[in-house]
Amino acid sequence: MQKRKSNLYQPNSDIPFNISRSKIDLFLECPQCFYLDRKLGISRPDIPGYTLNKAVDYLLKNEFDGLREQKKPHHLMNQYNIMAIPFWHPDLPIWRDDNNRRMGATVLHKPTNLNIFGIIDDIWINTRTKELHIVDYKSTSTESVISLDSKYKEGYKRQMEIYQWIFLKMGFPVSKTGYFLFANARKNRLGFGGKLEFEMSIIPYLGDASWVEPAIFSLKKVLESPEVPGANLSCEHCSYRKLINANSPKIQASLISPG
């Protein structure tokens with residue numbers, strides 16, 4: 001694997017450095033993996049893109065955009081007693097990254113000179129309070145009750161809170177209540193028939209973005225350090241690297257030995 005040479009943090013640079021929502025999550029998951037990625041250009045292996053999920057996101061955006069033009073609520077909003085309509089703003093295509101420029105909504109955190117950015121799915125505006133609700137689409141296929149209780153969904157919550165923080169810093173009135181719109185592919189049909197059927201549900205989430213700015217300061221401190229930080233003990237990627245390094249002479253010998 002070759003080291004990446006672009007998008008690396010340079011200490012003492014006057015140019016703002018870009019930090020995505022996902023990189024903040026990477027820092028919280030494992031400071032060592034974050035440091036290797038952003039400062040040394042050694043990234044974790046890429047995972048395949050979820051093209052089916054992207055298709056669902058695209059269709060949902062089209063569905064809500066039609067109502068956005070009409071300034072009307074979606075039937076799911078009425079079903080869940082959400083007093084809101086899809087929010088219109090000229091920068092919405094940028095925030096959603098409709099042109100695939102991979103930036104989204106961006107705010108400069110001046111104390112650290114870091115551009116914090118994230119790509120949102122949707123925003124709804126409360127028709128009574130005029131506050132904005134951050135909305136995230138999620139695709140899944142499960143027989144279990146949809147909830148936010150499992151461990152891996154803690155990342156969903158952090159994602160929501162970072163988006164809320166970004167839009168607050170951009171000067172918008174943001175509600176602490178965000179919404180996860182789940183599209184659950186049903187498996188209880190007799191056959192495929194060339195199509196999937198989804199059960200739609202909305203789960204509200206009361207976010208608390210107070211942790212975001214302290215995390216940015218901590219992240220900046222790690223970037224400025226000349227030393228690689230310690231790994232999270234539960235990080236599988238770091239454990240794998242450690243195992244490979246410990247056994248590298250044996251591995252090399254086995255690769256070059258005949259038969």
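Author: Lysine 71 counts as exposed, at 64% relative accessibility; exposed means over 50% relative accessible area, buried under 20%, and partly exposed in between (1.4 Å probe, protein chains only). This is a predicted model, in which local features need pLDDT of at least 70, side-chain atom pairs count only at pLDDT 80 or more, and totals for chains, interfaces and linings use all residues. Residues are numbered from 1 along each chain as its sequence is written, and side-chain values use heavy atoms, leaving out hydrogens and water.

Reader: Where is lysine 71 found?

Author: Lysine 71 lies in the loop between α3 (51-70) and α4 (75-79); helices (H or I, at least four residues) and strands (E, at least two) are DSSP runs, numbered from the N terminus. Its phi is near 60 degrees, a positive value in a residue other than glycine.

Reader: And asparagine 12, is it buried or exposed?

Author: Asparagine 12 is exposed, with a relative accessible area of 72%. Asparagine 12 also has a positive phi, of about 70 degrees.

Reader: Changing topic, which residues of α7 are buried?

Author: They are Val212, Ala215, Ile216, Leu219, Lys220, Val222 and Leu223. Seen down the axis of α7, these fall within an arc of 160 degrees, so they line one face of the helix; the arc is that of the directions from the helix axis to the C-beta atoms.

Reader: What does isoleucine 116 contact?

Author: Leaving aside neighbours within four places in sequence, its contacts (heavy atoms within 4.5 Å) include Ile19, Trp165 and Ile216.
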